[in-house]
Each structure stands twice: as structure tokens, then as C-alpha cells.
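Please open the structure in a viewer and keep its sequence at hand.

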Amino acid sequence: MDSSDKLFNRQRSLHQILGGSFVADVVLWRRKDVTVGILVVTLFAWVVFERSGYTLLSLVSSVFFLLFAILFLWSKSAAILNRPAPPLPHLYLSEEMVNEAAYFIRNHINMILSVSEDIALGKDTNTYVKVSAGLMLVSVVGGLTDFLTLGYTSLVIVLTVPALYEKYEDQVDAYVLMAYRKLWLLYRKFDAVCVNKVSRLSLEKKKLS
């Protein structure tokens, strides 16, 4: 299919648009074991949160409590029975890792603050419209469901829609472009009718005056 017959006249493949990295492979099911594993684990987590009544804080606390209890008893019993201790790596956060994380967070926070300043001062109308539409959408969707269900649904969409689109790319592009052209023709006709009516009304007003 020619690039003019693709959405947005793109010339790159979907895999390249997604970065062509490990993440793109997972999203497009080129690493099926990883993708299926993510879906299964997130489904299990969603069921645990929804059905058991656990909150995120209570679940994390329970998991860490159980983990520390097991490791503590393992270490004590190993010392008594002359067995090897639990095979734990050295838990240490280097200064380089902290600096890289701080640099990454600072850059993104500054970018958000810069965009917020432009919106507040009325410098970027397009960004204001996009941000407002996004916040309104989040508000509406958030009122219909809870955060966990929204997160799980979003993950399922991310891991299924791109893969299905890549599989049926030519058919989807053809139907979408056909629908877009039909809507554009309807808009042109509607616009022409409205413009003609407005121009006739203005001429009639001028004649009457």
C-alpha cells in the first residue's frame, strides 16, 4: 500500500513509530510470553484488589510483612543449622543512579511547569485546548469507573489494539480514509450551503438598507 493510502501519509511501520525497541515488541506481541505474562499478572492483581477488598497500601504492607518474616526466619534457622543464608544481593543505591533519576524527574517536572505557565499566561491556545479536552475526558471516564479498573482496561487496550491494527493495517486504513473522505465531502457541502445562505442574507440586508 502506498504511503498516501496510509493514515497520516506515514512512511514508517507501526513498530518503528513505537520506537522499535523491547517495548514495541511487547506491545505488538512479538514477545508473546512477556505480553501474556503482563496481562495475566495484571488480571490477577485486578481480581485481588477488586474481590478481596485490599487497598494498594494494605496489600503492599502485607506482602512486605510476609517477605521480611520469611527472610528473617530463614536467616535465623540457617545460622542455627549451619545452612547458607538467603541469597540476597547487596542492597545499595549508588550516587550515579540517584543523580540520573533526579535529572530525569527534574526535566519532566520543568517541562510540565513550562507548559502550565504558557497555558496560564495564554501563550499557547492549542495546548490549552488539548489539555482541557484531556482533563475533561479523564474526569468523565474517572466518574464512570475506579482507578484500578481504568488502569487495567487501558493496559489491555494498549496491548491489543496496536497488535490488531498491525495485523489488519491495510483494511483499517482503507476504511478510515474512505470514511474521512466522505465526512470531508459532507463538510464541504454543508460549508458551501451555509456560506451561500449567509452571503444571501447579507446582500438582502444591504439592499434593504
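A patch is made of residues with over 30% relative accessible area and no salt bridge; like charges are joined within 9 Å, and nonpolar side chains (Val, Leu, Ile, Met, Phe, Trp, Tyr) within 5 Å. Accessible areas come from the Shrake-Rupley method with a 1.4 Å probe, and for residues only the protein chains shown count as cover. The model is predicted: local features need pLDDT of at least 70, side-chain atom pairs count only at pLDDT 80 or more, and totals for chains, interfaces and linings use all residues. Residues are numbered from 1 along each chain as its sequence is written, and side-chain values use heavy atoms, with hydrogens and water left out.

**First selection: a surface patch**

Select Leu56, Val60, Phe64, Leu67 and Phe68. Together these residues form a nonpolar patch on the surface, with about 490 Å² of accessible area. Phe68 belongs to helix 4, residues 56-81; helices (H or I, at least four residues) and strands (E, at least two) are DSSP runs, numbered from the N terminus. Is Phe68 buried or exposed? Its relative accessible area is 55%, so Phe68 is exposed; the classes are buried under 20%, exposed over 50% and partly exposed in between (1.4 Å probe, protein chains only). As background, an α-helix has 3.6 residues a turn, so residues three or four places apart point the same way.

**Second selection: the annotated spans**

In the model, residues 34-49 are 100% helix and 0% strand, and their end C-alpha atoms lie 22 Å apart. For residues 55-74 the span is 95% helix and 0% strand, with 28 Å between the end C-alpha atoms.

Move to Trp29, in the loop between helix 2 (22-27) and helix 3 (32-52). Trp29 is not a glycine, yet its phi is positive, near 60°.

How many salt bridges does a search of the whole structure find? The search finds two, a salt bridge being a side-chain nitrogen of Lys or Arg within 4 Å of a carboxyl oxygen of Asp or Glu. In one of them, Glu166 meets Arg30, with the closest N and O atoms 2.6 Å apart. Glu166 lies in helix 7 (residues 147-167) and Arg30 in the loop between helix 2 and helix 3, so the pair ties together parts that are 136 residues apart in sequence.

Arg31 and Asp25 also form a salt bridge, at 3.7 Å from N to O. Arg31 is partly exposed at 38% relative accessible area, whereas Asp25 is buried at 16%.

The structure holds two aromatic pairs. Select one of them, Trp46 and Tyr152, which is stacked, with 5.8 Å centre to centre and 15° between the planes. This pair links distant parts of the chain, since Trp46 is in helix 3 and Tyr152 in helix 7, 106 residues apart. Rings of Phe, Tyr and Trp (its six-membered ring) pair if their centres lie within 6.5 Å; planes under 30 degrees apart count as stacked, over 60 as edge-to-face and the rest as tilted.

Finally, select Asn82, in the loop between helix 4 and helix 5. Asn82 is not a glycine but has a positive phi of about 60°, and Asn82 is exposed at 70% relative accessible area.
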